[in-house]
Structure formats: C-alpha cells, structure tokens
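Please keep the structure open as you read.

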Amino acid sequence: MKKIGLLALLAAAGFVMFANELPPQREISICAPLHSYDMNPYTAAFTAEAQLFTGLYEGLFSYDPADLSPLPAVCSSYKISRNKKRWTFVIRENAKFSDGSPITAFDVKDSWITLLSVPDAPFASLLDSITGAAAFRQGKGAAEDVRIEARDKATLVVHLDEPLGHFPKILCHHAFSIMSKKENVYSGAFVLESKSSDEIVLKKNDFYWDAGSVKIPGVKIQLSDDYAENAFLFNTGKFDWVMGNAEAEKIIEKSKVQVGAEFGTLYLFFKNGNYPWNKKEFRDALLEAVPYDRLRENFNVKAETFIYPLPGYPGVTGIADYDQADAIKMMNETKQANGIPLEETLVLVFAVTNDGYVKRLADILKEAWLPLGVDLQIQTTVSDRYNASIPSWNADLFYYSWIGDFADPLAFLELFRGNSSLNVAGFKDERFDNLLLEAARQDNVSERYRLMAKAEQLLLDESVVIPVSHPISAHLIDLCEIGGWQVNGLDLHPLKYLYIKSLPSSNVPNLVRYNWQD
C-alpha cells in the first residue's frame with residue numbers, strides 16, 4: 001500500500017493551508033499539578049496561581065513572554081516627573097472588563113487601595129514607596145492619605161516618597177491587577193468558565209482590549225499528580241503542555257522536554273524569635289558545622305548565595321566552607337559568653353513538610369549539629385498548609401522555595417525588609433533596610449545593583465539564611481506545534497500569547513492524529 005503524504009492527506013480532507021498562515025485555532029489543553037488554588041489575586045502567593053492569573057487578570061503592565069520585562073497593558077503610556085516621584089499613567093480608551101464595562105483610573109485606584117487594606121496580602125508592601133501606603137497598610141493612616149489620584153477616567157497619578165525606577169516591573173505582578181467589584185468579572189484575556197477540584201476551564205474574553213491578538217478560543221487545565229498517566233496522555237496528544245508533573249523518561253520525543261534555570265532559590269531561614277537562635281553568634285556556630293556539599297548534593301543547581309545571579313549583578317561571598325571542629329569551639333565559646341553551661345543541650349525546632357527531600361535535609365543538619373550540643377527536633381505539617389502556618393508557628397528554622405515575581409534582586413531582598421508584608425522571618429536590620437532605600441533612589445542600574453549586593457552580603461553574613469539550590473523548571477510542550485511559549489527565568493508563560501503554530505506531528509507510534517468526514 002502506498003503512503004499518503006501529509007499534503008495529500010490535507011487535500012483529501014478539503015483543507016488548504018498556506019505557508020504563512022496559521023492552522024485553525026483550538027482550545028489549548030494543559031496539565032498542571034494538583035493544587036488548592038487561591039483565586040484572590042491579592043492573597044495568592046504560589047506560582048500555580050500566578051500562571052493562571054496571566055490569563056484572567058491584568059494591570060497597568062504585563063509580562064513580555066520572552067524575558068518577562070514589563071509591557072504596557074491597561075496603561076497605554078506613562079510619564080515620570082523631573083524629581084522621579086510622580087508617575088502619570090494614561091488608561092487605554094478601549095480597556096474593558098469582561099462584562100463590557102470600561103476600565104478606568106478609578107478602578108485602578110480602588111484595586112490598589114483594596115489590596116493595601118487586606119491584612120494577609122503578601123505583596124502589598126511592594127507599594128510602600130507610594131506616599132501614605134505603608135501607614136495605611138499598617139493601620140496607622142487613612143485611605144484618603146494614600147497618594148493615588150484618579151484625576152479623571154483616563155488619568156492616574158501616583159506620588160512616591162522615593163524614586164522607584166523599577167515600578168513597572170513590580171506592577172506586572174498579579175497582586176496589582178485591576179479588579180472589578182462584580183463577581184466573575186475579569187480584566188485579562190480570558191474569563192473563568194468553570195472550576196472544579198480537578199479541572200479549570202477558561203474561555204476568551206471578547207471585551208479584552210487586545211482580544212484581536214489572542215488566537216486561541218480558550219484553555220482547559222487538568223489538575224493531576226499521576227505522573228505516569230500524564231506522560232502517557234502527553235505522548236498520545238491529550239495534553240499540549242504538561243507543567244512538569246510527568247515522568248520525563250517516558251516521553252517518546254525528548255525534544256519536547258523543555259528545561260530551564262529559574263530565578264529562584266530553595267533555602268532555609270531562621271525565624272527571629274526564640275533565644276538563643278535569635279542571636280547571630282549562635283547561628284554562626286551552626287552554619288560553620290553544616291556539610292554543604294552533602295546538603296546540596298542531590299540538587300542540579302547548587303546555591304551558595306541567596307539571589308540567583310542576574311546579568312550585571314555583582315558577585316557576593318556565598319556560604320560553602322565549613323569546619324566542625326571550629327564550629328564546636330565557636331559554640332562552646334558562645335555558650336560561655338552567654339552564661340550557658342557547656343553540657344546543656346540546646347533545642348532547635350525545624351518546621352518541615354512530609355516531603356522526603358526536606359526530611360533528608362533535616363537528617364543531615366541533625367547529625368551535623370549534635371556534636372555542638374544541639375538537639376534538632378522536627379515538627380511537620382502538610383504541604384498545602386506549610387507557608388500559611390509559618391507566621392504563627394513557634395519554630396526556629398524553616399525552609400522556603402521562592403521564585404522571583406519580577407526579574408530584579410528586590411524580588412528576594414523584600415523578603416527580609418523590616419516592614420515588608422513578605423517578611424515571615426521577622427528579620428529586622430536598619431543597615432539592611434537603609435541599603436534597600438538607598439538602592440531605590442538610584443537611577444544607575446549598576447549602582448543600584450551594587451547596593452543590593454551589599455544588602456544580600458549583609459543578610460548572608462548575619463547567618464539568617466542557608467541557600468540550598470536554585471530550582472530548574474521542566475515542562476513538556478512541543479514548541480513546533482505550540483507558539484507563544486518560551487523558557488524564562490520566572491517560569492511564567494502568559495496565556496494570551498499561546499497559539500496553535502502548526503498541525504500535530506505524525507511520528508508518534510500507533511497514534512491517529514487527524515479526523516475528517518467522508
């Protein structure tokens with residue numbers, strides 16, 4: 001029997017496609033890990049929500065799909081005053097919510113004021129540079145004192161206490177999305193059609209200001225942690241994109257496995273609470289005893305520093321060297337200086353989840369710190385409750401995995417700024433805060449990076465964090481078939497840019513990929 005070529009097959013189906021035209025667009029099928037989604041952009045803090053919100057919500061700026069630099073979104077243009085403390089944003093004339101109502105400067109102001117009034121909004125402190133924002137957020141000021149001014153429907157004016165050159169980078173984040181006061185009304189390229197425990201369905205928002213650029217009619221997200229089944233369904237064409245939750249070794253076409261380094265860090269941190277671990281000299285002794293080669297050996301990208309190196313960011317002295325004999329001597333001297341008997345065992349509580357790799361880290365630390373007279377005790381909770389439990393958890397050591405929300409060192413350093421809403425460690429150091437403030441005043445990027453590197457070095461020297469690894473992202477997607485998707489450091493892939501790039505390949509064994517009527 002003769003083979004029928006692809007062009008002949010298409011002709012037989014009555015389908016004609018020119019080389020410079022896209023094939024018929026359809027719904028994109030995505031497989032994501034099981035996760036309890038927080039559907040409130042003000043309080044959501046996981047990358048799972050951040051990815052979903054790239055489709056449902058939008059603010060003044062949005063992420064470039066390649067490098068995640070800020071692109072004007074609901075804001076059509078903006079200008080900055082000579083003293084760099086006043087930003088004036090112009091709202092697009094055709095900006096609308098998904099119900100067809102116009103998006104105005106008043107909606108932007110209301111959204112940000114609401115964010116600042118939410119007690120558990122993790123990213124609200126990123127607006128602290130706005131005059132009056134920090135005081136209002138902390139319950140020390142009034143909403144009318146926050147210098148966010150809607151002069152008319154199209155003009156938003158924001159007054160800052162200090163210059164904030166990276167303001168557009170911050171405003172890409174979903175926490176600063178423009179929200180409608182009506183339920184189930186969205187500002188992004190898609191709307192939520194349905195949501196269940198294992199499936200989320202989005203459909204195109206025809207009122208979206210840039211709807212003409214959105215090619216696909218919708219997105220279906222299947223939630224599954226069955227790695228073997230997910231690999232099979234990807235191989236057979238059920239899923240267009242699997243977000244890492246599959247057995248990569250079972251993928252037939254390895255070119256469809258997309259791996260990239262993430263702008264993130266897995267690290268341990270000490271909570272500034274219980275004595276003696278709230279004292280630097282005790283933490284210094286602990287860090288001197290950690291066998292970092294063992295601690296990091298099972299990770300692909302080992303981290304000695306807190307911030308993943310960005311182009312142009314100065315190097316800092318990381319944490320890698322250790323010597324147990326010196327650590328024992330340091331601990332004994334520190335005990336004596338603080339009136340603690342040498343034979344007294346010090347208890348340190350490590351809060352973890354039930355994940356195997358975290359327990360392995362705990363075992364390594366327990367073994368390393370036992371000769372110092374330290375008893376590492378482990379307390380656990382399930383993964384879904386871990387982050388929310390940290391503020392009230394009376395433990396001394398925690399682990400954290402953080403992906404930068406914008407491509408800037410501040411995305412990490414904000415976690416330890418004294419008054420930051422992200423500062424779950426309770427770290428407070430005036431020197432650190434002043435370095436961040438001075439960096440914010442800089443126009444020159446190199447000088448700004450230099451000051452932030454000094455802040456990172458101070459954090460490392462204070463023995464507050466123990467960097468472990470920089471994560472990598474791993475996705476399954478055929479980039480010859482799906483367009484608008486690129487590997488990037490934040491591992492965010494704005495849904496509005498996805499499209500069907502070409503017809504499916506036919507090289508998967510025993511797979512029927514085309515249907516047509518007789």
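A search of the whole structure finds 34 aromatic pairs. Rings of Phe, Tyr and Trp (its six-membered ring) pair if their centres lie within 6.5 Å; planes under 30 degrees apart are stacked, over 60 edge-to-face, the rest tilted. Tyr267 and Phe269 form a tilted pair, with 6.2 Å between centres and 45 degrees between planes. Both residues, Tyr267 and Phe269, are buried (under 20% relative accessible area, 1.4 Å probe, protein chains only).

This is a predicted model: local features need pLDDT of at least 70, side-chain atom pairs count only at pLDDT 80 or more, and totals for chains, interfaces and linings use all residues. Residues are numbered from 1 along each chain as its sequence is written, and side-chain values use heavy atoms, without hydrogens and water.

Helices (H or I, at least four residues) and strands (E, at least two) are DSSP runs, numbered from the N terminus. In helix 6 (residues 227–235), the buried residues are Asn230, Ala231, Leu233, Phe234 and Asn235. Their cover includes the strands below; contact means heavy atoms within 4.5 Å.

| Strand | Residues |
|---|---|
| strand 1 | 28–32 |
| strand 11 | 241–242 |
| strand 18 | 472–477 |

Gly237 follows helix 6 and has a positive phi, near 85 degrees.

Helix 13 (residues 430–440) packs with helix 14 (residues 445–461) at about 165 degrees, axes 8 Å apart. Axes are lines fitted to C-alpha atoms over the stretch in contact; angles run from 0 to 180 degrees between N-to-C directions. Helix 13 and helix 14 are therefore roughly antiparallel (over 145 degrees).

Key
Parallel < 35°, antiparallel > 145°, perpendicular 65-115°, else oblique. Buried < 20%, exposed > 50% of the residue type's maximum accessible area, 1.4 Å probe, protein only.
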